[in-house]
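Student: Could we work through some helix packing and a few buried side chains together?

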Amino acid sequence: MAEDNLDFTDKIAQWGAQNIKYISIGVLIGVLIPLAWNYNQHLEVEKNLTASDLYYKVTNIENSEEVIASATEEILLNHRGSIYEVLTKFTLSKQEFENKNYVLARKYLEQIIDTDASDTYNSLASIKIALIYIQEKEYELALNNLEDVEMKKAFKQILSETKGDIYKYMGDMEKSFKYYNEAIDASAINNENLLMKHNSVKN
């Protein structure tokens with residue numbers, strides 16, 4: 001029995017000697033893969049921290065136009081696909097909307113949807129595009145765009161209120177009243193502005 005065990009041990013030793021190259025490679029891979037993953041995680045954290053600092057510069061109104069423009073450009077160039085690119089484009093769209101540059105404002109929002117960062121951001125972008133169409137008096141396009149909102153339940157109040165606004169502008173007071181009612185039912189708080197809109201189209 002002892003001789004059998006010794007023979008078996010010798011065979012293992014021989015196999016190990018013959019395959020030492022592959023064993024070493026296997027051990028090396030087993031060590032390097034976790035190290036590489038940890039290093040990549042570290043780089044990702046560092047990149048997000050950098051993007052976060054840049055986004056703060058973009059949104060800090062105390063910064064000069066040059067600082068804001070430089071931070072914006074760096075985010076769009078070096079942090080594509082990040083959440084900070086999406087947030088920056090929302091900021092840019094808002095600025096262009098306030099400047100009545102509706103085409104460019106809509107372009108930034110369409111880019112956000114193309115990035116497809118999340119259903120929430122896609123839904124917000126679609127709602128904001130609808131608001132732009134309202135400013136351009138493109139009411140049918142606004143209604144169609146609201147249908148693209150994926151999170152209809154979560155945004156029930158704003159969707160219904162916006163539809164109420166659209167139908168009011170189109171002169172359809174009956175539908176406007178209907179959607180304002182839906183918005184009030186979906187609202188968690190008393191919204192004085194919404195109530196005023198509702199009463200303005202009440203028969």
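The questions below concern a predicted model.

Student: At what angle do helix H7 and helix H8 pack?
Tutor: Helix H7 covers residues 139–146, and helix H8 covers residues 156–169. Their axes lie 10 Å apart. The packing angle is about 165°.

Student: Which word describes how H7 and H8 run, roughly parallel or roughly antiparallel?
Tutor: The angle is about 165°. Angles over 145 degrees count as roughly antiparallel. H7 and H8 are therefore roughly antiparallel to each other.

Student: How many nonpolar residues does the contact of H7 with H8 have?
Tutor: H7 supplies Tyr139, Ala142, Leu143 and Leu146. H8 supplies Leu159, Thr162, Lys163, Ile166, Tyr167 and Tyr169. By class, 1 residue is polar and 1 is charged, and the nonpolar count is 8.

Student: Is Thr162 buried or exposed?
Tutor: Thr162 is found in helix H8. Its relative accessible area is 2%. Buried means under 20%. So Thr162 is buried.

Student: Which residues are in contact with Thr162, leaving aside its neighbours within four places in sequence?
Tutor: Take Ile134 as one of them. Thr162 and Ile134 are 28 residues apart in sequence, yet 9.3 Å apart in space, C-alpha to C-alpha. With sequence neighbours within four places left aside, the list for Thr162 is Leu131, Ile134 and Leu146.

Student: How many charged residues does the contact of H8 with H10 have?
Tutor: H8 and helix H10 (residues 192–200) pack at about 35°, with axes 11 Å apart. From H8 come Gln157, Glu161, Asp165 and Lys168; from H10 come Asn193, Leu194, Lys197 and Ser200. By class, the contact has 1 nonpolar and 3 polar residues, and the charged count is 4.

Student: What is the handedness of the crossing of H8 and H10, left-handed or right-handed?
Tutor: H7 passes H8 in a left-handed crossing. For H8 and H10, the crossing is left-handed.

Student: Is Glu85 buried or exposed?
Tutor: Glu85 sits in helix H4, residues 83–98. Its relative accessible area is 8%. The cut-off for buried is under 20%. So Glu85 is buried.

Student: Which residue has its backbone nitrogen reached by the side chain of Glu85?
Tutor: Set aside neighbours within four places in sequence, and Glu85 is in contact with Ile75, Leu76, His79, Arg80 and Thr115. The side chain of Glu85 also reaches a backbone nitrogen at 2.7 Å, and that nitrogen belongs to Gly81.

How values were computed
Residues numbered from 1 in each chain as written. Predicted model: local features only at pLDDT ≥ 70, side-chain atom pairs only at ≥ 80, totals over all residues. Heavy atoms only, no water. Helix = DSSP H or I, 4+ residues; strand = E, 2+ residues; numbered from the N terminus. Buried < 20%, exposed > 50% of the residue type's maximum accessible area, 1.4 Å probe, protein only. Polar contact = N/O pair within 3.5 Å; in protein donor to acceptor, adjacent residues only side chain to side chain. Contact = heavy atoms within 4.5 Å. Axes fitted to C-alpha atoms, helices over the stretch in contact; angles between N-to-C directions. Parallel < 35°, antiparallel > 145°, perpendicular 65-115°, else oblique. Left-handed = near helix turned anticlockwise from the far one by under 90°. Nonpolar A, V, L, I, M, F, W, Y, C, P; charged D, E, K, R; others polar.
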